[in-house]
Amino acid sequence: MLLVVNTAAVVKMSVELDVFVGNTTIMDKEVYQLWLNGYTVSDAVKVRMEGGVMEECEASADVLLSDTMDQFRTFQMCERLLQNPAKLANQLLFQIPPDRQAMLIERYYAFDDAFVREVLGKKLSKGTKKDLDDVSAKTGITLKSCRRQFDNFKRVFKVVEELKGPLVENIKQHFLLPDPLARDYAAIVFFANNRFETGKKKLQYLTFHDFAFCAGQLINNWTVGAVDNMVEDMDVDLDKEFLQDLKDLKILIADKDLLDQHKSLVCVALRGKTKVFNEMEANFKNLSRGLVNIAAKLTNPKDVRDFFIDLIEKFIEPCRSDRWTATDVNLYLTHYTNSAHILDSFKHQTVWTRYMGVIKSCILRMYHE
Amino acid sequence: MPGKLKAKIVAGRHLPVMDRASDLTDAFVEVKFGNTTFKTDVCPKSLNPQWNSEWFKFEVDDEDLQDEPLQITVLDHDTYSANDAIGKVYIDIDPLLCSEAATVISGWFPIYDTIHGIRGEINVLVKVDLFNDLNRFRQSSCGVKFFCTMSIPRCFRAMVIHGFVEELVVNEDPEYQWIDRIRTPRASNEARQRLISLMSGELQRKIGLKVLEMGGNAVVGYLQCFDLEGESGLVVRAIGTACTLDKISSTCPAAVVPNLSNSSPSKDMKEAVFGEEAPGVPLSSGPPTPLRAQTFSSFSPSKSYSRQSSSSDTELSLTPKTGMGSGGSAGKEAGPLKALLRQQTQSALEQREFPFFTLTGFPVGFLLHVGGVVSARSVKLLDRIHNPDEPETRDAWWEEIRQEIKSHAKALGCHAVVGYSESTSICEEVCILSASGTAAILSSRFMQDGALDTEHRFEDTAPPACGFCHIPYDELNMPFPAQLTYCHCCRRHKVPDVLFTTIDVPTEASITGKGCLIQARLCRTKKKAQGEGNATAISNLLPFLEYELHTQLLNKLKLRGMNALFGLRVQISVGDTMLLGLASATGVYLTALPSPGGIQIAGKTPSDLTYEQHVSNMQKKINDTIAKNKELYEISPPEWVEEVIGSPIPESRQRSRIFRSHSESSDEVLELDLSHGKKDAFVLEIDDTDAIEDIHSLLTDAPTPPGFYSCNTEIMPGIYNWTSSLQMFTSVRVFRLSNANLTNQGLNKIFNDLCENLLKSLYFKLRSMVPCCLCHVNFIVAVPEDELIQVAVTAVAMSLDKDQTQENGRQSGDKTLMKAITENEEQLQFPLELSAECPSNPLSSAKGLSEVSGPLPSARDRCSSWIEQIRLKAHTIRRGSIKTTSSLEKSSPLPDSRSRSLRSNRSCPSSSVAVVKMTPLSFLPGTKIIKYLGIINMFFIRETTSLREEGGVSGFLHSFIAEVFAMVRAHVAALGGNAVVSYSMKECVFMENPNKNQAQCLINVSGDAVIFIRESELEATPSQTQSGNVQTSSNGEGT
C-alpha cells in the first residue's frame, strides 16, 4: 500500500528520523545506566554533558542528543528480551557479544537498596505497584526505575514460585544472574512470600543486606528445602513440621526447674567473661522467654511476619539498653545455646540447634551497636 | 527433470501468542515451491513447536530452481475461522546450485511478517539434488557463480576477464495493480516481495546464460538494482563482469608468509616496456589542435619481442632527463611496436559492444593507464511498460548512455572503462539515468586464455607502480586542458596534475601520507513542473550541478593538499522542488603526481580596503587549513631533487620514452617547468556572494576527530595496522525542511550540515573503537517527499592497532609488502600464486598491445557532461605551473607483519547464536576467506499502521534495519558461513504518513556469504587447512 503523503507545512527544519544500527549492537554502559535509572532523554543528555563526554570527543549537544535517543530506543527494543534473559542468548535480532549480554542482564536486574527496603516483605501485587509513586517520592528514585525494579521482583517471584529445586539455582538458571544477585533475589522472593514485616520504625535501621543475610539463614535452615531438596516451594515456605516441633521448646520456660538449671549453667559459663554479667543474669529469664516464645508462636503466619520485630523487641532492645557489645551478645547466645544441650531433661536437641543456629546469626547480624 | 529440491521443517521457537485465550499457538507450516505446496502437522499449544517433518520433495526444472525462492509460511491453526499467518521465510536456493558453494541450508531463520516484523524463528533444512542436463538449448545457467565483490574474489584467480554483462527485466508493480485496491497491505507487500525475488532470480539466470555464452564461469562485481517506476512498472536490472575464475588450490600459507618479502619478484621494480604511454611531447599551452593527424603504421608485426630485447633497449636508452630530442629518437624506434601491441588489445576490446568492467580492484598488471572519470546522464520521461516481455525501451535508454560513456572513454584515449556503475533517480514520471566509470587502458593479459602463457609470465616484470598515473591520451590533442608534468616516480612519462577515478586505489600505487573522505554536496531548487517541462528543467540544471560538484571536489582536494580522488561516486537525486547532488571520494596524494599548489583568492574589486582585508583574512585561513591538513594527513613529499641520486628506479633501467609519430610536434618540445619552485597557485576569484559562500563552505568541513580516518574506498591508503575488530553499521537520517527556507544557499547549508552532523554522530558513536578508520563510507541521498531529505550511510569501522605507530605504515620502494598488507591478501596467503600473478608484463602474455588512437578529431565535440565541465572550469580558473616534488626517497621503516597486529578476538563460545560478521569490504582483516557460499540478495518490505506504538518513524526504521541485518545473518549462518563480505544496502525507500499513523519502508541488500578463518588459526593448524577447503568449510567455523 502506498501511503498518501501529507505535506502539511512544518515551521522549522527538523530531524524527522534518526537511526543508527550496527551489526553488533552498540551499547554504552553509562547511557544504559541512565536509562535504567529512568531518566528522560533530555535529562540523560544533561547528565552526560556534565560528565564531560563532549569535550572528550569534540561532540556537540545535537550529537549527544542523537546518540542518547538512539541508545534509549535500542534499550527499549531490548527490554522485552531482558525480561526473559534466556531469550537474549538465542534471539537473532540483536548481535550482542556474550559478555555484553551478561552486563545488560545484570544491570537490568540490579536494584537500589533504598527501593528494595521499601517493598521488602510486601505483597508483590497491583496494590503495592500503585503505591510506587510514594516510594519514588520518598527515595528520590524515578518512578520509572521503581516500576522496573518492582516488575523484576514480581517476575522473578512468579517464575520461581512454581519451580522445584533450590531457589538460588532456579533464579540463576532462569534469569542468568550472577550468584550474589541471585541470592539477593532469593531473599526478596522469600520475604515477599512470607510477608515479613520490615517497614516498622524499629526496623528502619536495618539494611537490605541485613535482611538478605537473615533470609539466607532461614532459607538454608528452616525451609522444607533444608531437609528435602526436590519439592515445590522448598526454599520459599518454612518447614511446617519444624515449626510445629518448635512448640516443644516451650518446656525451657514453662518448666521452672529447667529454666533455673539453664540459667545457672549459662551464668557459670559467663561469669568473669563480660562486663555486663550482672545485666545478663538479671535479664536471663526475660530474654529466654522472649526467644522461646518467638519459637513457639511461629506456627501462626501472623507471628512469622513479625519475626524480625519480635527479635528486636524481645531480645535486641533489652540488650542494647543494657549496653551489651556484639561480643557480649555472641558470648551470651553461644552459651545460652550450648547450655541447653547439657540439660538432662531437655529432649529436643535437634530442633533447638536448628532453631538457635538461625536465631543467633540473625541476631548477631541485626545487632548494630 | 533436472533437479529435486528437498525441505524439512524441524522446529520453531519464540513464536508469538496467537490465541489470546490460552496464551499459546497451534502452529503448522506450509512449504511452497512453484505451484506445489506441502503442509506439516499442527503442533498444538506450543510457542516452541517441534514438527520434525518428513522431507518434502519438489521435482523441478533447474530454470525454476534459479528463479523461484522456497517459500515457508508459518500459520496458526484455527478450527473455526481462517488460519492466521504468523509470517514467512523466503529461502533463495541459488547457493545450492553451485557445486562449489554451499551443500545444505540448515539453521534458524527469523519468521518475517511485513506488518509485524520478526515473529519467532523456524529451523529448516534444505537440500538440492541436481541431475546433469545435456540439453544444449537449456534456459538455465546453474553453476555460474555470482559475486558482489568488486575485485577478483580472494580464493580465486582470474584466468580470463571476459567483460561486461547486463540484463534487465520489467514487470508491473503489484502495488499499482487494480487488485491492490481490494487486497490487504500484507498481501500486497508479499506479492511485491515475491515478484522482486522472482525477477532477481530470472535476471541472474539470464545473466548466467550470457556468461556461459562468453565462455566464462562467474560474474564478479555483480550489481543489481531495481527501479520503482510507480505506475509505469518495476524494473530490475543488473550489470557485472563475466570472468573465468579458477579456484586457487590451497597451499600451506603459514609457512609462506615470512618469506614473502624475499620471494616476491615484483620487488624488482622494472619499467614495463609497453605499459607506458609516450610522453615527452610538449604540452601545447594553447588550445589543442583538433586536426592532429593520427598516423599509426603497424610495421614489423611478426617480430618477436621478449624481455631480452626490451632490456637491450634499456641499455640503449638515453638519459631522459634532458628530455627533448634524444627521447624522440628512441621513441621512434619503439613506437611501432607499441602501436602494434596497443592496436591488438584495442581491437580485442573494440570487438565488444561495451568494453566495460564493473570491477574496482584488479589483478596486478591488468590496469595500465587511467584516463579519468567518464560519466553520462540522461533524463527520461517514464511511460507505462506495456509488454513486460519486451523491455526494449529501457534497454535502449541504457544502450544510449553506455554508448556515450564509450565515446567519452575514447576521447580520453582509452579503450576501456573500469569501475563502471549505473544508477537511477526517479521522481514521479521523471527518471534520471546515470552511468559513470573510469576510462582506462588495460593489459591484454586477461583478455584471452592466459593460462597458456604462464611460462612467459614468470619472466615478465611487473609494470611500474606509477604506470597507471601516466596519461593515456595524446597530450597534443588533449581532450581537456590539463597541466602535465613528468611522473614523479619514474620521471619518464607525463602525468596529469590531478586524477579522478571511480576505482579503488591500485595496490601497487605509491601514496604519500594518508587519505581522507572528501565530499561535495549541493542542493538546487527547482520549480515544480510536469511532464516534459519538468524533464527539460532538470536536464538544464544537471550540467551546472555537476560542474559545481566538480569544482567543490577539486577545491576540497587542494585544501587537503592532495592530488587524486579514488572511488568517486556522484549521486544526483531529484525531487519535486529540488535537485540534490552528492559526490563522495577518497582523496590521496599520489606520489607520482605533482604536489598541488595552494588555493589563492583573488578579489575582483581591489579598491575597497575592508574588502581587501577580508580577502587576505580568508587567504590566511585557507593557507592555515592547507598547512594543518598536510600535517594531519602526513603529506610531506620530499622536495623535487634535481640530481637523481639513489632513485629507487635506477636511471639505466628506464626505458626511453616512446614517441608517437607526431612528426610535426616532436621538435618543439617544451619542458614543463619542473624545477622552478614558483607556484602560481590555483586561483579562486571572488566575484560575487556565491563565491564567498563557496569558500566559507570549504572551510566549514570539520576535520575528522583525532584517532579517526575515513574513506569511501575499500581501505585507507597509508594504513596497515588493521586489527580484526570491526563494526558495520547503517545510519539513516531524514530532515524536514521549512517552506520559508528554500533559497539555494539555505538549502546548501542545510544539506551540508546534515551530512557533516551525520558524520560527527558516527564518529561519536564509534569513539570506543579509536584508533579506527571508517571504510567504504557509502552515502545514499534521496528526496522522498517535497520537503524531506533522506541520507543513509553504510560503512564499516575498523580498529587499528594502537601499539603500532602510524609511522610504520609509511612505505618505501618495496611495493610487495605493501601490496601484501593491503589488498592482495590472496597473495599473502598464496605465495605460489604470487609468483604466477605478479610478473605481468603484457609483452609475452599478450599477442601485443595495440596503440590506442588518440582522441578522434571529433571526439572533443562529442564530449559532453563531465569532460565539458572540466573544460568549462578550466576556463574559469587559471592554473599556474605547479610546484613539483618527487618522492625519490620514501624512506620509512617497513610495516610490521600484519599478523602481529592480529588480536584474536574470538567471541566466547558460550553464545548459542553463531556470530556473523558483516562488512562492505571484500575481505576481513586478519582472516582468510576459504570459501564463497553464494550471493545474498534480499528484498524486504515493512509496513505499519501503528507508527506511534512502534516508537515513531525512528523506532519503526530502527527495528526494520535490525531485522534486515538479522535475516541476512541468519541466511549466512544457515549456509554454513560466518561472514558477509561486499555487503551493501542498495535501496532504502522510506515513506511515512504520521497523520494516518502509517509508514512503509523497502530495503534491498546484497553481499557474498563466506566462510573465513583467522590467520592466527591458520598458523596454528596449517595441516588442517591444507587438507582441503571442503573439509574446513564443513567444520562450520561457527564462532
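This is a predicted model: local features need pLDDT of at least 70, side-chain atom pairs count only at pLDDT 80 or more; totals for chains, interfaces and linings use all residues.
**Exercise 1.** Classify the pair formed by the rings of Phe115(A) and Phe153(A), and state which parts of the chain the pair ties together.

*Solution.* Over all chains, the count comes to 52 aromatic pairs. For Phe115(A) and Phe153(A), the ring centres are 5.9 Å apart and the planes stand at 35°, so this pair is tilted. Next, locate the residues: Phe115(A) belongs to helix H7 (residues 113-119) and Phe153(A) to helix H10 (residues 143-161), both of chain A, so the pair ties together parts that are 38 residues apart in sequence. Finally, Phe115(A) and Phe153(A) are both buried.

**Exercise 2.** Carry out the corresponding analysis for Phe191(A) and Phe308(A).

*Solution.* The centre-to-centre distance is 5.4 Å and the angle between the planes is 15°. Planes under 30 degrees apart count as stacked, and the pair of Phe191(A) and Phe308(A) is accordingly stacked. Phe191(A) is found in helix H12 (residues 179-194) and Phe308(A) in helix H19 (residues 307-321) of chain A; the pair links distant parts of the chain, 117 residues apart. Both Phe191(A) and Phe308(A) are buried.

**Exercise 3.** Over which ring does the charged end of Arg148(A) sit, and over which ring that of Arg767(B)?

*Solution.* The charged end of Arg148(A) sits over the ring of Tyr108(A), 5.5 Å from its centre. In chain B, the charged end of Arg767(B) sits over the ring of Phe764(B), 4.0 Å from its centre.

Key
Residues are numbered from 1 along each chain as its sequence is written. Chains are lettered from A and ligands numbered from 1 in the order in which they are written. Side-chain values use heavy atoms; hydrogens and water are left out. Rings of Phe, Tyr and Trp (its six-membered ring) pair if their centres lie within 6.5 Å; planes under 30 degrees apart count as stacked, over 60 as edge-to-face and the rest as tilted. Helices (H or I, at least four residues) and strands (E, at least two) are DSSP runs, numbered from the N terminus. Buried means under 20% relative accessible area, exposed over 50%, partly exposed in between (1.4 Å probe, protein chains only). A charge sits over a ring if NZ of Lys or CZ of Arg is within 6 Å of the ring centre and within 35 degrees of the ring normal.
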